[in-house]
Amino acid sequence: MAEVEKTIEIAVLRYRPEKDTKPVSQTFEVPFTDDMSVLQGVQYIKDYLDGSLSFRWSCRMAICGSCGMMLNGEPKLACSTFLREYYPGTLQIEALKHFPIEKDLVIDASDFIDKLGSITPYIVPAEPRSVEQGEYLQTPAQKAQYDQFSACINCMLCYAACPQYGLSTNFTGPGILALLHRYNADSRDGARETRMEIVNSEEGVWGCTLVGYCSEVCPKEVDPAKAVNLNKVNSTMDYFLRFFASGKGAGK
Amino acid sequence: MSARDPYVRPMTSWWLKNPFYVRYMIREATSVFVVLYAFVLLGGLASLVKGETAYNAWLASLANPLAIFFHLMATAAALYHTVTWFRVSPKVTPLLFVGGYRVPDGLITGVQYVIAAVLYLIIFTVAWT
Amino acid sequence: MVYLLSIKRFGYNQQKSSLTYPLETVTTDLVIIGGGGAGLRAAIAAAESDRSLPITLLSKVYPMRSHTVAAEGGAAAVTQEHDSLDYHFDDTVAGGDWLCEQGVVEYFVNHAHRELVQMEHWGCPWSRRENGRVNVRSFGGMKIDRTWFAADKTGFHMLHTLFQTSIRYPSIHRLDEHFCCDLVVEDDRVQGAVTIEIASGQFVFIQARAAIIATGGAGRVFRQNTNGGIVTGDGMALAYRHGVPLRDMEFMQFHPTCMPSTGLLFTEACRGEGGFLLNKDGYRYLQDYGLGPAEPSPRNKAMELGPRDRLSQAFWHEYQKGNTIEGLHGAYVQLDLRHIGKKKLLERLPQIYEMAVDYQNVDPAESPIPVLPAVHYTMGGIEAGRKTASRLPGLYSVGECSSIGIHGANRLGSNSLTELCVFGKVAGEEAAAFAKSAPLGAAGTLRKLAKEIQQRTESIVSNNGGTERTADLRSEMLKSMEEGCGIYRTGDGMQVTCDKLAELRDRYKRVKVEDTGSAWNTERLLVLELGYQLEVAEAVVHSAIKRKESRGSHQRLDGFEERDDENFLKHSLAFYNGDDAPRIDYSDVSITKSKPDVRAYGAAGEKAEQKNERSDNG
């Protein structure tokens, strides 16, 4: 906070459930230096201008996934986006799109969390092995099949980018489908069939119309659109395999 | 009795609010031209079955300025659709590795442009000769 | 509504209270406060030890936001043929300047490998060798490469693996985004906790037969630190207020390679992969501080792979000599990764690469990264034995909030991620066993206590007419801790900080809260956190001023520059003393196999090791 040089105008979409019937914009003048993140700007507001402003944050280094917000209409992590990028214009900040607003910049994430819990998000061993037998072998090539999909920090920017999720929260959505694929693509796992039921269902990959914005906004290069659309291929193959399998059965 | 009262924002005209969405909607809209063009071709096929006069009438109708305008629009739409499709096609391609390196998305898109160019070249050469 | 249903589903008792006096009650057997790596590991262990035991896991953030997520480098366990448990033991004990509980360290090194394999079975994406086995890397102060890693996001992967694995166990009932205000202690044992459901502001009393505190460290009592905003020492303060001492709090670890201004961490793995530390002349200055000779590739326990306390202290000396570079945010030195090459940097240190580019506009493959030491880890914490139990029956602690005794006066990098696995399991099993043997307390009495806690808390956070701004109190505390309790300390400097903290604690009584709402009122939480921070900070500086010697991360310049085993081979214990300064006492250190010796690194260290081996053989 050395050498305050400039002042940026930040318009925050406020919503205080006990006071407001709908969100209203409030503008703050925030002094900043070139190395200040948007998060630091919002913290300045809370510390010195209006203590009632609410937002989530923690690590400050784009790994905990707390501080996703709409910055001039784009979903971004506030901690790794800088105020200088918006100067001299006004920076508009709004809670992540497509989620209900709890208060100010805080959204209700319970739908995301419930979905995360619903996709068997853990290894169901393909073959049992005791800890005493040591680790499962997994070559770097096998690991590379799921590596990028395991990098998701659950920041939910991709949900704020996905209009299909905005139109219907029944859609499982990009991040969780990427996580699902992370486990399906892991050589140690044996629960693919269980998860394919979710992939094939109405709420699964077919809810995606390949807008592709999810992968654009992902801060960790997870490429959820890829995970979803790869599974459209998998789902189709699944369908035909089942079709032929049942056809054979009927022929007997 | 809870202090909570989550506010759900409406989705009205969502697709106008982000250039990315606008481009997406245009991509989806191009399918209308593709369908219409399919009907035009179908009409041509039907006239061919009916006989030479009908086919010539169909050909003549294509020379109408309105028809030419439609074909220009349809070509633009098809090109736009092709470009966007090439761009998203890496999303349906399985993870490819060559010598331990991941094949980048850009390369997959690039290869398709090359294939398309070669095909056009062949078609034009055949049509010309 | 979801909340009510989920409670029913897990067989909890739900008593909806009247509107005039809102306090919900949840009855469980084991409450775990903190949903980071240690809390999750404990929850899984408790659930595995008895599938029918109801467990409530409280966390003030969603578990995957916990600060375990930011750990980068890796987790240590003896893995290679030419390594041995004794080596890991010796590295840890000498690294901790002999203030470690040696029996506990022995248990730790014995169980380390097993627990990391367990993490592998649960899906943790450890980096691999070509043959499919888990790979290991070098780390500071470790004689042999034994640090398991998942690129440079090891904590992130461990936390997400534990969180997602915990979903397998239906007996683990999570209360996410619940802020813990106090423990309920009755009949001289812990019988629950009072929390605020952050979304609604609703107070919830969780009645339990045993509790585990796993709330992480207290790095946020210092200005420049690597920690997330949530690392405010909550659990330490909770235990402390109930008479459990905070042990060895004067030992705060400064990590030598952090980002100027924000304090963000550049993992030690940067040096494990071969990075150099350079002063303003491009000189590898560590060779001047008993860590040499400077060799082109990293040798374990030498130069850049020396322990963190020594490296941070060398920075201070370079600053005194005028060999650092002056930047916008103070003096810095350079972390040079250029010779590692872009390909390997992207494979082994992708996050570091991204951080340097995004936050500092530096391409590490092209130019060195500006770095300086910042507070990183709280070695001390809630006093706990090998089985994680505190002196208060029913209260267990694990992870950074706990002082179980493996870090001593200086933690070795990559020991803490392993710690949360090894002792998280112990804590879960021990607390579950205690919960099963303890009778269920009288609900009426406990509820009355809980209501008192609610009233007390409300009176702190609803002072709309207060005069003191939270942010001012906080920034004065941070500045004072940095000035008086930094890498090098003096009695006078620490006394100023002691006085300042006493003043701040008094002013805290008049703290102002602007937000009068109940839903998502984070201003209230910041005020409560500040209360925790001030008390923990006091424990740190009062423990420090009384330790009249230099050991590990506690270094003095006022006539106590040497280690003094005669008087201070002891744990310090800070006892809560109401509004007054803490009472400081001492306890013995368990020495089993390793007698205190000179801590030597670099060439001197190797010579000493050879001598020791000869005398062992002879």
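This is a predicted model: local features need pLDDT of at least 70, side-chain atom pairs count only at pLDDT 80 or more; totals for chains, interfaces and linings use all residues.
## A parallel strand pair in chain C and the chains around it

Five bridges connect strand 4 (residues 55-59) of chain C with strand 8 of chain C, and the two strands run parallel. Within this pair, L57(C) stands opposite R174(C) of strand 8.

Is strand 8 of chain C enclosed by the rest of the structure, or left open? Five of the five residues of strand 8 (residues 172-176) of chain C are buried, so the strand is largely enclosed by the rest of the structure. In a regular strand, side chains alternate between the two faces of the sheet. In strand 8 of chain C, I172(C), R174(C) and D176(C) point one way, while H173(C) and L175(C) point the other way, and all are buried. A residue is counted as buried here when 20 or more other C-beta atoms lie within 10 Å of its own.

Seen as a whole, chain C contains 17 helices and 25 strands. The radius of gyration of chain C is 24 Å, close to the 25 Å that the globule rule gives for 618 residues, so chain C is as compact as a globular protein of that length. The C-alpha atoms of chain C fill a box of roughly 70 × 55 × 50 Å along the principal axes. Buried residues make up 62% of the 618 residues in chain C. Among the contacts in chain C with a separation of 6 or more, 75% are between residues 24 or more positions apart.

For A211(C), setting aside neighbours within four places in sequence, the residues in contact are V31(C), I33(C), L183(C), V190(C), A193(C), G394(C) and L395(C).

The domain assignment of chain C gives domain 1 (254-372) and domain 2 (451-569). The centres of these two domains of chain C, taken over C-alpha atoms, are separated by 30 Å. Five residues of domain 1 of chain C are in contact with five residues of domain 2 of chain C. On the domain 1 side, helix 8 (residues 308-321) of chain C gives the most, with four residues. By class, that side of domain 1 of chain C divides into two nonpolar, two polar and one charged.

Chain C also meets chain A, in a contact that takes 47 residues from chain C and 45 residues from chain A. On the chain C side, helix 4 (102-121), helix 5 (154-166), helix 10 (350-360) and helix 15 each supply at least two residues. Helix 4 of chain C gives the most to this side, with five residues. The residues that chain C brings to chain A divide into 20 nonpolar, 16 polar and 11 charged.

Chain A has its own domain assignment, with domain 1 (6-107) and domain 2 (110-251). In chain A, 32 Å separate the centres of domain 1 and domain 2, taken over C-alpha atoms. The two domains of chain A meet through 13 residues of domain 1 in contact with 13 residues of domain 2. Strand 3 (68-71) and strand 4 (74-77) of chain A each supply at least two residues of the domain 1 side. The largest share of that side, four residues, comes from strand 4 of chain A. By class, the side of domain 1 of chain A that touches domain 2 has six nonpolar, four polar and three charged residues.

Chain B has four helices and two strands, which follow the pattern α-α-α-β-β-α along the sequence. The radius of gyration of chain B is 23 Å, well over the 14 Å that the globule rule gives for 129 residues, so chain B is more spread out than a compact globule. The C-alpha atoms of chain B fill a box of roughly 80 × 50 × 25 Å along the principal axes. Buried residues make up 5% of the 129 residues in chain B. Residues 24 or more positions apart account for 40% of the contacts in chain B with a separation of 6 or more. Where chain B touches chain C, the contact takes four residues from chain B and eight residues from chain C. The chain B side of this contact has two nonpolar, one polar and one charged residues.

Methods. Residues are numbered from 1 along each chain as its sequence is written. Chains are lettered from A and ligands numbered from 1 in the order in which they are written. The radius of gyration is taken over C-alpha atoms; the globule rule is 2.2 Å times the number of residues to the power 0.38. A residue is buried if 20 or more other C-beta atoms lie within 10 Å of its own, exposed if 12 or fewer, and partly exposed in between; C-beta atoms are placed from the backbone. Two residues are in contact if their C-beta atoms, placed from the backbone, lie within 7 Å. Two strands pair if DSSP finds at least two bridges between them. Ala, Val, Leu, Ile, Met, Phe, Trp, Tyr, Cys and Pro count as nonpolar, Asp, Glu, Lys and Arg as charged, and the others, Gly among them, as polar. Domain bounds come from an automatic or database domain assignment.
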